[in-house]
Amino acid sequence: MELISATQALSDACARLAAQTFVTVDTEFMRETTYYPKLCLIQMAGPDGFACLVDPLAKDLDLKPFFELMADESTVKVFHSARQDLEIIWLLGGLLPHPFFDTQVAAMVCGYGDSVSYEQLVNDVAKARIDKSSRFTDWSRRPLSEAQLAYALSDVTHLVTIYQVLAAELLSTDRGLWLDEEMAVLTSPETYQAEPAQAWRRLSGRMRKPREIAVLMEVAGWREAEAQSRNVPRGRILKDEAVIDIATAGPRSVEALGRLRTIPAGFERSRTGTEILAAVERGFARDLSQIAVPERSRSRGGGNGALVDLLKVLLKAVAEAEGVAPKIIATVDDLEALADDDHADVAVLQGWRRSLFGDKALALKHGRMALAVERGRVTVRELP
């Protein structure tokens, strides 16, 4: 199992795979010490039995043939849990694979559970086992061991069978359209564009006051930009807990910043401390009338906890009856929004999700539907 390390060899391999109806793809990468992932290995396989491993760290290797294959409209690109793989392709190649298929999403539609693992699908669908001992090894070190190469190759060879089985199931159940929304998110450039101005949204769930959110916007945005420019994890710049503490306390002096327990001793007098205080001041200068408290922050205080729990039971009952994972139908945030507002702008009140669950949820909410237990299972009943 030699690695492809020359551009011509990669071009030949990609040409062979481009002639197939689909190609399975996976990557190995490292990002423990960096903001952006470091691509260390590419694995690909086709339904004709051909498979290859590509060394992106090889000197002078041009990945252009790989990116051309990813953009080839005549070949479906199959991944499992593709978000991070697609992020790498977007960052390095400036494109997203199309047409595209994610077996984890498809498995949820086919009833294999929420966020089903690749190992589980290999066991349940491909009827095989994989050796995971190399999973967390250092993929940037060369040479790679035979065990690493075998593990990496298994990530795409078994995926051939998994794709064929899931694609057939989707065709037989006419649920292929259910994947469209999820695939659209994964193949949207916006998904992978980490804008510093939007970094605050990851942490906004705990915020309750416009002033706190205003400071959070500036401090989180500063941290994101700093992490990107230095290519280090955002936690190396400032921990999430510290960002939240700063947003909540709003320190406006060196002494006030130093009193926060999540700030290391002496940190407040460093260059970074000065930049944090400047970000806090920018937050205080924001127009609070333009700061909206996130819906999620408001809804949890709305007194609808029991109703949300009831909707969760309904969701699980519908998912079991339809043989689909609950997560693909609705999230907890969707249920909270629905509990608060019959006309909430959430996916569960649109398209197939509304037909499958949303209308039932509204009927249950307003007493037009009931839940019952029959033979040990929760069932849904319409009321007269």
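1. Helices (H or I, at least four residues) and strands (E, at least two) are DSSP runs, numbered from the N terminus. This is a predicted model, in which local features need pLDDT of at least 70 and side-chain atom pairs count only at pLDDT 80 or more, while totals for chains, interfaces and linings use all residues. Residues are numbered from 1 along each chain as its sequence is written, and side-chain values use heavy atoms, with hydrogens and water left out.

2. Let me start with the largest pocket, whose volume is about 1,600 Å³. A pocket here is an open set of points on a 1 Å grid over the protein atoms alone, where a 1.4 Å probe fits, with protein on both sides within 12 Å along at least five of seven lines; lining residues have an atom within 4 Å of a point. The volume is the space filled by probe spheres set on the points, which are joined across faces, edges and corners.

3. Of the 45 residues in that lining, Arg83, Val185, Glu190, Thr191 and Arg202 lie nearest the centre. Helices H3 (83–93), H4 (103–109), H7 (180–186), H15 (326–329) and H16 (332–340) each give two or more residues to the largest pocket, and H3 has the largest share, with five. By class, the lining holds 17 nonpolar, 10 polar and 18 charged residues (nonpolar: Ala, Val, Leu, Ile, Met, Phe, Trp, Tyr, Cys and Pro; charged: Asp, Glu, Lys and Arg; polar: the others, Gly among them).

4. The second largest pocket has a volume of about 790 Å³. Thr27, Glu28, Phe29, Arg135 and Tyr151 are the closest to its centre among 27 lining residues. Strand S1 supplies six residues, the largest share of this lining. The classes here are 10 nonpolar, seven polar and 10 charged.

5. Thr34 is worth a look too: it sits in the loop between S1 (22–30) and S2 (38–45). The Thr34 side chain comes to 2.6 Å from the backbone oxygen of Tyr36. Leaving aside residues up to four places away in sequence, Thr34 touches Asn231, Val232 and Pro233 (contact means heavy atoms within 4.5 Å).

6. Finally, the hairpin. S2 and S3 (residues 51–54) run antiparallel and are joined by four bridges; strands pair if DSSP finds at least two bridges between them. Gln43 stands opposite Leu53 in S3. Five residues lie between the two strands, and Gly49 has a positive phi near 100°.

Conventions: Polar contact = N/O pair within 3.5 Å; in protein donor to acceptor, adjacent residues only side chain to side chain.
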